[in-house]
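Keep the structure in view as you read.

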Amino acid sequence: MSWTLYSTEKIKMNPIALLLLAFSMSTDAFSVAISKGASLKNPRFTEALRMGLIFGSIEAVTPIIGWLIGRSATTFIDASFIEAWDHWVAFVILAGLGLHMLYAGLKPSDEEQEAPTQHSFFKLALTAFGTSIDAMAIGVSLAFIEVNIFLAAGLIGLATAVMVTLGVMLGRALGSLIGHKAEAFGGVMLVVIGAWILISHL
């Protein structure tokens, strides 16, 4: 394993390319964060930061998992397996969560339910995993570039944490505009993001 930023023998990845990679990996999470923030009742910055840390942590772990799979690909698993199925897994998770939110947001009820002040850790973690499948596939690719995976994963996690925190606060402003249908809007957003990930890989 190389502890330098990039290998001098294989494909080189400079710091700028690594930063661009990190922020490109955070775009899906940023979009989801907007929908999550919109479905909350005036989320505070502390809640936005909590969500950012959850998403960022998971987004940092998944490329390391992919890297480990890539390093052992020739022995245990074909490295193309994740790339062949990652978009389907992401689509199923995000679409499932989105449909659930859409149903909850449109379901008629005798009493108007007040928007929650925070999302459960389990739902956030599951959503974060759905948006981080691509990062796992990237981790597989990085195994063949010899880039420092811990630096790359750390940058991806940091970029995601920042973008999700900003996305939640942006979603807060959006939620105040669309009112009690914010959860339904968030559900539609998740389905659209899942479909976009699927279509962009087909």
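Is the crossing of H3 and H5 right-handed or left-handed? The crossing is right-handed. This is a predicted model, and its geometry should be read that way.

Start with the two axes. Helix H3 spans residues 45–71, and helix H5 spans residues 121–131. Their axes come within 9 Å and cross at roughly 45 degrees. Angles under 35 degrees would count as roughly parallel, and 65 to 115 as roughly perpendicular. H3 and H5 are therefore oblique to each other.

Now look at who touches whom. H3 contributes Arg50, Met51, Ile54, Phe55, Ile58, Glu59 and Thr62 to the contact. From H5 come Phe121, Leu124, Ala125, Thr127, Ala128, Phe129 and Thr131. Sorted by class, the contact has 9 nonpolar, 3 polar and 2 charged residues. The spacing along a helix has a simple background. An α-helix has 3.6 residues a turn, so residues three or four places apart point the same way.

Move on to helix H6, residues 133–142. Here 8 of the 10 residues are buried, so H6 is largely enclosed by the rest of the structure. The buried residues are Ile133, Asp134, Ala135, Met136, Ala137, Gly139, Val140 and Leu142.

How far does the predictor's confidence go? The protein averages a pLDDT of 75, and 71% of the residues score at least 70. Confidence is highest in H3, at a mean of 91. It is lowest in helix H4 (residues 80–106), at 71. Over residues 1–10 the pLDDT is below 50. Even so, that stretch has 25 contacts in the model beyond near neighbours in sequence.

Notes:
Residues numbered from 1 in each chain as written. Predicted model: local features only at pLDDT ≥ 70, side-chain atom pairs only at ≥ 80, totals over all residues. Heavy atoms only, no water. Axes fitted to C-alpha atoms, helices over the stretch in contact; angles between N-to-C directions. Helix = DSSP H or I, 4+ residues; strand = E, 2+ residues; numbered from the N terminus. Parallel < 35°, antiparallel > 145°, perpendicular 65-115°, else oblique. Left-handed = near helix turned anticlockwise from the far one by under 90°. Contact = heavy atoms within 4.5 Å. Nonpolar A, V, L, I, M, F, W, Y, C, P; charged D, E, K, R; others polar. pLDDT = per-residue confidence, 0-100. Buried < 20%, exposed > 50% of the residue type's maximum accessible area, 1.4 Å probe, protein only.
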